[in-house]
Amino acid sequence: MDEKDIPRNLREEEEEEEENLSEETKSSISSLPWEIDYLGNKLFKYQGYWYYEDILQAIPNFHKSFQPQETDIIVAAFPKSGTTWLKALTFALIQRSKHPLEEDNHPLLSHNPHEIVPYLELDLYLKSSKPDLTKFLSSSLSPRLFSTHMSLDALKAPLKESSCKIVYVCRNVKDVLVSLWHFLNANKGVEWGDFSQSEKISGVDDHSFEAMFESFCNGVTLYGPFEDHALSYWQGSLEDPKHVLFMMYEEFKAEPRTQVKRLAEFLDCPFTKEEEDSGSVDKILELCSLSNLSSLEINKTGTLDGVDFKTYFRKGQVGDWKSYMTPEMVNKIDMIIEEKLKGSGLKF
Ligand code: A3P
């Protein structure tokens, strides 16, 4: 594989961090409403969603400088909804003529999906106000592939006139919450954000599940509120189904072959009859399966920005929340979700 296929690695050449936080941005951030999250970090509310300060710099950078191309693909998810899986599946699908699925040196065997598919706001526009995107390949056979945790409300401004495709994976909120709690506990030493402006508030970092549950229910969680995030893509997919695909993690688990074919069709790279007959659908699913990815050396031992790759892979179990939530918690979160999703047609 060419090194240029791995944007994340190449980015490391640009190690020197760009000072891209203008005085204007600094003062507008400090005037935003803020709350302390369950990690004791300051989250700011910007256009309806909660972010750490450094991500808040990246979003206007992205809005100002991102030039979409017609063939771009963006995979999107609320954190812990199946982002890693969707990144792997989408990459394997769109690159299958260049990287045959049976190849011993398929990129997904030696790179974590997060190295292959960079986040717009967490990787590219966080490090630079104008990242050099010329490194990314772009053609109908090899489109640029990016990812994001931003809501569609935050993502769509620079994409308005473009015909790029957005795929969103949504997951049952209760499993997202449990997954997030495990992930944060497994990465306790990691600084989530640049807190130069807003120091960590000591003494309020309560890592209990109960504390996280309360923050989450109040919507005060990075990229939250969850329901608004999911609704933004749900509505986007109803308004513009050619360009926004809304998928469910649980449906992927229940009927993976149907869902991966649906994804391929949406991305204009459907499986041919020959491919179906030769088992390509199953090969993609196997390559990107939790058991396969988590057993690879890179994902057992690799790390990026202080996060061990192994912490992206846990159980992948639908309904794991049942072991963590009391009936009162279930009742509370179900009522919040029901109220927010009322009339939208979206159901969990
Ligand atoms: P659990 O913590 O419930 O096990 P994200 O990729 O958005 O960070 O989400 C992580 C969740 O997706 C974790 O859920 C993880 O186990 C699960 N996951 C990661 N890779 C997966 C894969 N290839 N297939 C299915 N689930 C996967």
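These legends accompany close-up views of a predicted model.

**View 1. Confidence along the chain.**
The chain has a mean pLDDT of 89, with 87% of its residues at 70 or more. Two stretches deserve a careful eye. Over residues 1-20, pLDDT stays under 50, and the model has 46 contacts beyond four places in sequence for this stretch.

**View 2. The length of helix α18.**
Helix α18 covers residues 327-341, 15 residues in total. At 1.5 Å a residue it should span 21 Å, and this agrees with its end C-alpha atoms, which are 21 Å apart. Just past the end of α18 comes Gly343, with a positive phi of about 80 degrees.

Met329, Val330, Ile333, Ile337 and Leu341 are the buried residues to look for in α18. Viewed down the helix axis, the buried residues of α18 fall within an arc of 95 degrees, so they line one face. Turn to the face of α18 away from the buried side and you will find the exposed residues Pro327, Glu328, Met335, Glu338 and Glu339. Among the elements covering the buried residues of α18 are α9 (173-186), α10 (209-217) and α11 (226-239).

**View 3. Surroundings of the ligand.**
The ligand has 18 residues around it, and the closest are Lys80, Thr83, Thr84, Ser179 and Gly316. For Ser179, a polar side-chain atom sits 2.6 Å from an oxygen atom of the ligand. In the side chain of Arg314, an N or O atom is 2.8 Å from a ligand oxygen atom. Arg171 places a polar side-chain atom 3.0 Å from an oxygen atom of the ligand.

**View 4. Ser142 in its loop.**
Here we move to the loop between α7 (120-127) and β5 (145-148), where Ser142 lies. Is Ser142 buried or exposed? Its relative accessibility is 11%, and because buried means under 20%, Ser142 counts as buried. The side chain of Ser142 also has a partner: a polar contact of 3.2 Å joins it to the side chain of Gln95.

How values were computed
Residues are numbered from 1 along each chain as its sequence is written. Side-chain values use heavy atoms; hydrogens and water are left out. pLDDT is the predictor's confidence in each residue, from 0 to 100. Contact means heavy atoms within 4.5 Å. Helices (H or I, at least four residues) and strands (E, at least two) are DSSP runs, numbered from the N terminus. The expected span of a helix is 1.5 Å times one less than its number of residues. Buried means under 20% relative accessible area, exposed over 50%, partly exposed in between (1.4 Å probe, protein chains only). The arc is that of the directions from the helix axis to the C-beta atoms. A residue is near a molecule or strand if one of its heavy atoms lies within 4 Å of it. A polar contact is a pair of N or O atoms within 3.5 Å; within protein, one must be able to donate a hydrogen and the other to accept it, and residues adjacent in sequence count only if both atoms are side-chain atoms.
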